[in-house]
Amino acid sequence: MFPSTSPDAGRETWPDGPRPGPAAPTRGQPPAPRTGPAVVDGERRERGGPRRARRSGEPARRSEDEIDEPEEEVVPPVEVRRPLALIIAGFAALLGVGLVLGAQTSGPGHRLPFAFIIFGVQLLFVLAWTMAMRPPALLLVGGISAVVAALADIAAVQTDIAGLAPLGYLAAGGFLAAVLGQLVRRVDRVRVTDSLGATLLIVVGVVALGTLIVLSRIPAGTQAITVCLTASGVALTVARLTDAVLPWPRLAPQVPRGAAGVVVGAMVGTLISALLGSYLVAPFTPTRAAVIGLVAAVTAVLSDLAVGYAEAGRLMAGEPPTMWVARHMQGPLGGFALAAPAAYAMCMLFL
């Protein structure tokens, strides 16, 4: 007689998880093929392709966490030399005073004194920019630019109708002549593509300064020259003086310029132009003088700043530094060269 027990007693309940797989295959039978990824401790482990045998001397593969990311190189900022900033500020002030006083000597039938002053500034521009940018066939480009400057001044004085068309033709012809002169020599032919921008800037810069002579022949043009060049000269001078005292915040570690100088210079230049507009005759008013002075001042300081960035780019590219005097004359000369056509455009459109 067996003791009375429940029919379910001693039976194992079905587990909630999947049923265990079959036991290991018996000897002589091949194992069943796997149809899915292996499961270890509830985690899915994907198998890739066949493993490649590691060669002798080859380092083992490291995980992503063990790979060290390269640290960014910290570039130390370029030191701002205060004496140099003061010297550049003085040069910008002298250049502005010379151009403004030269414009006052211009009158109907008496344009040659102002043309001679402009030609002297153009020669300084050619010297500074060719020595700083060093295009191929440097002497050839400098000589062609000087000839184009002289022809532009003669055309601005001698033409019956004051206009920019003759100056535009001379700029295009001078650029083509400079490029063809670089293509003649095999040594310079390799670099001619890289120097197209430098050659264009030099030729167009000397022609742009000649627009001041054309502007002096237009009614109210001499007053526009006085307002725009005064605003540009004051903006460049104040910007450099501010860099000597407070070069902050730095715009770039490689450029020894500060944002405070650019902003303060443009604001002071605009203020001076508005004060001049209150003393000039019609059609000038303080508001109109402030507007055209603002355009000229901003154009001049941004051109000066762009020259600093270009010089820093050449030094970072490994090019040797250029002549010290030419390198630091480049900014103010470029600022006045770009402010001249801006003054012409504002006089024709706004006055």
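Which helix supplies the largest share of the nonpolar patch? Keep that question in mind while you look over the whole chain, remembering throughout that this is a predicted model.

**The whole protein**

Begin with everything selected and coloured by secondary structure: the protein has 10 helices and four strands, and read from the N terminus the elements follow the order β-β-α-α-α-α-α-α-α-β-β-α-α-α.

**The nonpolar patch**

Next select Val291, Val295, Met348, Leu349 and Phe350, which form a nonpolar patch on the surface and together have about 440 Å² of accessible area. Helix H9 (286-316) and helix H10 (324-350) each contribute at least two residues to the nonpolar patch, and the answer to the opening question is H10, from which three residues come. Within this selection, centre the view on Met348, a residue of helix H10; Met348 counts as partly exposed because its relative accessibility is 46%, a value that falls between the limits of 20% and 50%.

Now move to Ile292, which is found in helix H9. Is Ile292 buried or exposed? Its relative accessibility is 2%, so Ile292 counts as buried, the limit being under 20%. Show the side chains around Ile292 and you will find that, leaving aside residues up to four places away in sequence, Ile292 touches Val227, Cys228, Phe284, Met346 and Phe350; Phe350 also belongs to the nonpolar patch. For a distance to check in the viewer, pick the C-alpha atoms of Ile292 and Ala343, which are separated by 7.1 Å although the two residues are 51 residues apart along the chain.

**The largest pocket**

Finish at the largest pocket, whose volume is about 500 Å³. Select Arg81, Leu84, Pro256, Glu311 and His328, which are the closest to its centre among the 23 residues that line the largest pocket. To see which elements surround them, colour helix H1 (82-104), helix H7 (221-245), strand S4 (255-258), H9 and H10, each of which supplies at least two residues of the lining. Which of these elements gives the largest share of the lining? That is H9, with six residues, and H9 is also the helix in which Ile292 is found.

Definitions and conventions. Residues numbered from 1 in each chain as written. Predicted model: local features only at pLDDT ≥ 70, side-chain atom pairs only at ≥ 80, totals over all residues. Heavy atoms only, no water. Patch = residues over 30% accessible without salt bridge, like charges linked within 9 Å, V, L, I, M, F, W, Y side chains within 5 Å. Areas by Shrake-Rupley, 256 points an atom, 1.4 Å probe, with all protein chains shown as cover. Salt bridge = Lys/Arg side-chain N within 4 Å of Asp/Glu carboxyl O. Buried < 20%, exposed > 50% of the residue type's maximum accessible area, 1.4 Å probe, protein only. 1 Å grid on protein atoms, 1.4 Å probe; cavity = no way out; pocket = protein on both sides within 12 Å on 5 of 7 lines; lining within 4 Å. Points joined across faces, edges and corners; volume = space filled by probe spheres on them. Contact = heavy atoms within 4.5 Å.
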